[in-house]
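Subject: Structure for your review

Dear colleague,

Please find below the structure that I am handing over to you, followed by an account of what was found in it.

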Amino acid sequence: IPTHIEHIGIAVKDLEKAQQYYEEVLGMKCYAIETVEDQKVKTAFFQVGQTKIELLEATAADSPVAKFIEKRGEGIHHIAFAVKDLAIRLKEVEQKGVLLIDQEPRAGAEGMNIGFLHPKSTFGVLTEFCEKREESV
Ligand code: CMX
């Protein structure tokens with residue numbers, strides 16, 4: 001069972017302009033900018049209660065976010081649920097018939113391990129599970 005909505009990912013063409021809107025119009029504060037090489041995105045994070053807004057700008061033409069904007073335009077790209085025991089949760093949903101994008105957890109932004117579920121088997125919503133990475137001792 002997911003514990004809460006960790007973040008909502010929003011695909012934008014211009015991160016700086018979108019950030020300006022969130023800061024100057026909505027009055028929120030961006031607390032982190034991070035490039036996730038693995039996902040070919042640059043991200044900007046805003047905290048809203050327990051949940052974050054993650055703005056996503058593509059860093060390459062073949063980024064999933066570039067493809068998304070080309071096909072569907074800017075807008076809500078994915079919803080991310082915080083889970084415990086990510087690897088087990090992925091296997092569980094797969095056993096229940098969900099098509100996984102990530103068979104195993106991979107590294108995401110903010111020190112999280114992440115795994116995506118395919119929107120074709122989640123009623124059109126690209127769904128992410130995420131879990132804080134354990135710091136190695
Ligand atoms: N939400 C809902 N549907 C989506 C979608 C999204 N974000 N992205 C693509 N789709 C739909 C498309 O509209 C298309 O539907 P139709 O077949 O009806 O036209 C279908 O899925 C296939 O889309 P596509 O454009 O051909 O794209 P791909 O199949 O190559 O890739 C996806 C789609 C979801 C598998 C790919 O984007 C992916 O692997 N995503 C996970 C990784 C990711 O998105 N990373 C960026 C964020 C990382 C982060 O937050 O750090």
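A residue is called buried if 20 or more other C-beta atoms lie within 10 Å of its own, exposed if 12 or fewer, and partly exposed in between. Ala 32 has 13 C-beta neighbours inside 10 Å, and therefore counts as partly exposed. This residue belongs to strand β2, which covers residues 30-36. Its C-alpha atom is separated by 16 Å from that of Gln 50, a residue 18 positions away along the chain. Please bear in mind throughout that this is a predicted model.

Overall architecture

The chain contains 3 helices and 8 strands. Along the sequence they follow the pattern β-α-β-β-β-α-β-α-β-β-β. The radius of gyration is 15 Å, close to the 14 Å that the globule rule gives for 137 residues, so the chain is as compact as a globular protein of that length. Taken along the principal axes, the C-alpha atoms fill a box of roughly 45 × 40 × 25 Å. Of the 137 residues, 26% count as buried. Among contacts with a separation of 6 or more, 50% are between residues 24 or more positions apart.

The sheet

The 8 strands form an open sheet with mixed pairing, in the order β2-β3-β4-β1-β5-β8-β7-β6. Strands β2 and β6 (106-107) stand at the edges with a single partner strand each, so one side of each is left without a neighbour in the sheet.

Cys 30 has Phe 46 in β3 as its bridge partner. The hairpin of β2 and β3 has 4 residues between the strands, and Lys 40 takes a positive phi near 55° there.

Strand β5 runs parallel to β8 and is joined to it by 4 bridges. In this pairing, Ala 82 has Cys 130 in β8 as its bridge partner, and Phe 81 stands opposite Phe 129. Strand β7 (residues 112-117) runs antiparallel to β8, with 6 bridges between them. Here Gly 115 stands opposite Phe 129.

Nonpolar cores

Which residues make up the largest nonpolar core? There are 11 of them: Ala 80, Val 83, Leu 86, Leu 90, Ala 109, Met 112, Ile 114, Phe 116, Leu 117, Phe 129 and Cys 130. The elements that give two or more residues to this core are α3 (86-95), β7 and β8. The most come from β7, which gives 4 residues.

Leaving aside its neighbours within four places in sequence, Phe 129 is in contact with Phe 81, Val 83, Leu 86, Arg 89, Leu 90, Ile 114 and Gly 115. There is also a second, separate core of 9 residues, which includes Ala 18, Val 41, Leu 55 and Ala 58.

The surroundings of the ligand

Of the 22 residues around the ligand, Gln 39, Pro 64, Phe 116, Pro 119 and Leu 126 come nearest. One of these, Phe 116, is also listed in the largest nonpolar core. Elements β4 (51-58), α2 (64-72) and β5 (75-82) each supply at least two residues of this shell. The largest share, 6 residues, comes from α2. By class, the shell has 11 nonpolar, 7 polar and 4 charged residues.

Where does His 118 lie? This residue is in the loop between β7 and β8. His 118 has 13 C-beta neighbours inside 10 Å and so counts as partly exposed. Not counting residues up to four places away in sequence, His 118 touches Leu 99, Leu 100 and Ile 101. The C-alpha atoms of His 118 and Asp 38 are separated by 18 Å, and the two residues are 80 apart along the chain.

Yours sincerely

Methods. Residues numbered from 1 in each chain as written. Predicted model: local features only at pLDDT ≥ 70, side-chain atom pairs only at ≥ 80, totals over all residues. Near = placed C-beta within 6 Å. Nonpolar A, V, L, I, M, F, W, Y, C, P; charged D, E, K, R; others polar. Pairing = 2+ DSSP bridges. Core = buried A, V, L, I, M, F, W, Y, C linked by C-beta atoms within 7 Å. Contact = placed C-beta atoms within 7 Å. Rg over C-alpha atoms; globule rule 2.2 N^0.38 Å.
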